[in-house]
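This briefing guides a first reading of the structure shown below. Please keep the sequence and the 3D view at hand while working through the points.

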Amino acid sequence: MAARTLTINGTLISARSNETVLEAAREAGISIPTLCHLDGLSEVGACRLCLVEIAGSPKLQPACHTTVTEGMEVQTDTPRLKAHRRAIVELLFAERNHICAVCVASGHCELQQLAVDVGMSHVRYEYLSPDCSVDISHARFGIDHNRCVLCTRCVRACDEVEGVHTWDLAGRGTNARVITDLNVPWGEATSCTSCGKCLLACPTGAIFSRGSTVAELERDASRIATIVAARNERW
Amino acid sequence: ERSKGTKVFALTGKVRNTGLIEVPMGMTIREIVEELGGGTPDGTPVKGVQTGGPSGGCIPEALFDTPVDYESLAEVGSIMGSGGMVVMDATTNMVEIARFYMEFCMDESCGKCIPCRTGTVQMYRLLSKISAGQATAADLATLEQLCHLLRETSLCGLGQSAPNPVQSTLRYFREEYERLLRKRVTINLTSR
């Protein structure tokens, strides 16, 4: 595996030839916000938060899905990028019903952290307030669709790591929902092994363990990367 | 000159002869609308045409000597697309046109990326608000900001081109938007 030298925000960075811009940046201590990315899972480039400016390309590129090349010049923190990130986070808060005060994940939520990181002081868009359901048919877990950001980390964790593909997506656009099996209540989804990887993967309080109250839900999402690494390297 | 051969258009809207036509690349919009199309049915002046469907833009009558080819249409802010050409007259409400196309993009958005999935909904609501005479100048600014966001950050061409009808109508018919804006924001301090 060859080494590549690239420039991020004017600083020369060394990276492996198969690394993404996101990986190279994080190893160099440069933070780029993400939401749909989770170490150990495949990349989808869906949230558009990690978009960076690359010299020579008129379009913004997702850092999570762009492999480094020799001599690449990347900008991660221009005013334009900051403005777009802020707008995307605001759009998320306006899309569904994200009420931190009553949420089990409050204080340990990636969406909350993003709002802090992008400097979101208020939401300029109109709140859509859709009618979203809560499914607590499963004995151990529940899903509150009001808190879901459609990052699909649960779908990928269940499909790629647990291998049973209980979670998937139904519907289109803003009406899309994550579903279990063929849109049956989670408690009736026979493919589910109750492994809890989707709970680990979920960045918000959407997927939660039953019995936790406000602000009690803490997860270590890096356990998914640990499982994947252990399997790949045959610990 | 890079556009060779002929192009099929679906000519429709406020025009005497509607239907499918095949024209040589480089024929002007004026020739298509007035000679082939026969102008408006009742003779009222043509205001413009819309080409390219929900990903396309409007071209005002003043630019009707534009030849129909890929580069020239792109220069005036529209696209050839699959050949849709809608003729519009003075009775056509350009804000409604933008809103109509945004509704399509909103309904067709796959939902994978945040800017398009929920940005098209926000843009549709803003266009509805403007159309209903309820929007402020700040709403129009938000609409324009969303145009930039979707164009630059959407994952695919649907989100990237969804702002086209909005930006195109703002470019050539901005007064139709501004005429509908509320002039002052009133703050009601009594309880609702």
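**Briefing on a two-chain model**

In this predicted model, L127(B) touches V95(B), A98(B), R99(B), M102(B), L143(B), V166(B) and Y177(B), leaving aside residues up to four places away in sequence. L127(B) is also one of the residues that touch the most other members of the largest nonpolar core.

**Nonpolar cores**

- The largest nonpolar core has 50 residues, and those touching the most other members are V89(A), M123(B), L127(B), L143(B), V166(B) and Y177(B).
- Chain A gives two or more residues to this core from each of helix 2 (79-95) and helix 3 (110-117). In chain B, the elements that do so are helix 3 (94-108), helix 4 (114-131), helix 5 (137-153) and helix 7 (164-179).

**Contact between chain A and chain B**

- How many residues does each chain bring to the contact? Chain A supplies 27 residues and chain B supplies 25 residues.
- Together the two chains bury about 2200 Å², of which 56% is on carbon and sulfur atoms.
- There are 4 salt bridges across the interface. One salt bridge pairs R172(A) with E108(B), and the closest N and O atoms are 3.6 Å apart.
- On the side of chain A that touches chain B, helix 2 of chain A contributes the largest share, 8 residues.
- By residue type, that side of chain A comprises 15 nonpolar, 5 polar and 7 charged residues.

**Helix 4 of chain A**

- Helix 4 of chain A spans residues 153-162 and is mostly covered, with 7 of its 10 residues buried.
- The buried residues are R153(A), C154(A), V155(A), R156(A), A157(A), C158(A) and V161(A).
- Among the elements of chain A that cover these buried residues are helix 3, strand 8 (167-170), strand 9 (177-180), helix 5 (197-201), strand 10 and helix 6.
- After helix 4 of chain A comes G163(A), which has a positive phi near 85 degrees.

**E90(A), a residue of helix 2**

- E90(A) is located in helix 2 of chain A.
- Is E90(A) buried or exposed? E90(A) counts as buried because its relative accessible area is 1%, and the cut-off for buried is under 20%.
- The side chain of E90(A) makes a polar contact of 2.7 Å with the side chain of R86(A).
- A polar atom of the E90(A) side chain also lies 2.8 Å from the backbone nitrogen of R124(A).
- Beyond four places in sequence, E90(A) touches M120(A), H122(A), V123(A), R124(A) and Y125(A).

**A215(A), a residue of a loop**

- Where does A215(A) lie? A215(A) belongs to the loop between strand 10 (207-209) and helix 6 (222-233) of chain A.
- A215(A) has a relative accessible area of 31%, and therefore counts as partly exposed.
- Not counting residues up to four places away in sequence, A215(A) touches C103(A), V104(A), A105(A), S106(A) and H108(A).
- A215(A) and G205(A) are 10 residues apart along the chain, and their C-alpha atoms are separated by 9.2 Å.

Note on methods: Residues numbered from 1 in each chain as written. Chains lettered and ligands numbered in written order. Predicted model: local features only at pLDDT ≥ 70, side-chain atom pairs only at ≥ 80, totals over all residues. Heavy atoms only, no water. Core = buried A, V, L, I, M, F, W, Y, C linked by side-chain atoms within 4.5 Å. Buried < 20%, exposed > 50% of the residue type's maximum accessible area, 1.4 Å probe, protein only. Helix = DSSP H or I, 4+ residues; strand = E, 2+ residues; numbered from the N terminus. Contact = heavy atoms within 4.5 Å. Buried area = accessible area lost by both parts, 1.4 Å probe. Salt bridge = Lys/Arg side-chain N within 4 Å of Asp/Glu carboxyl O. Nonpolar A, V, L, I, M, F, W, Y, C, P; charged D, E, K, R; others polar. Polar contact = N/O pair within 3.5 Å; in protein donor to acceptor, adjacent residues only side chain to side chain.
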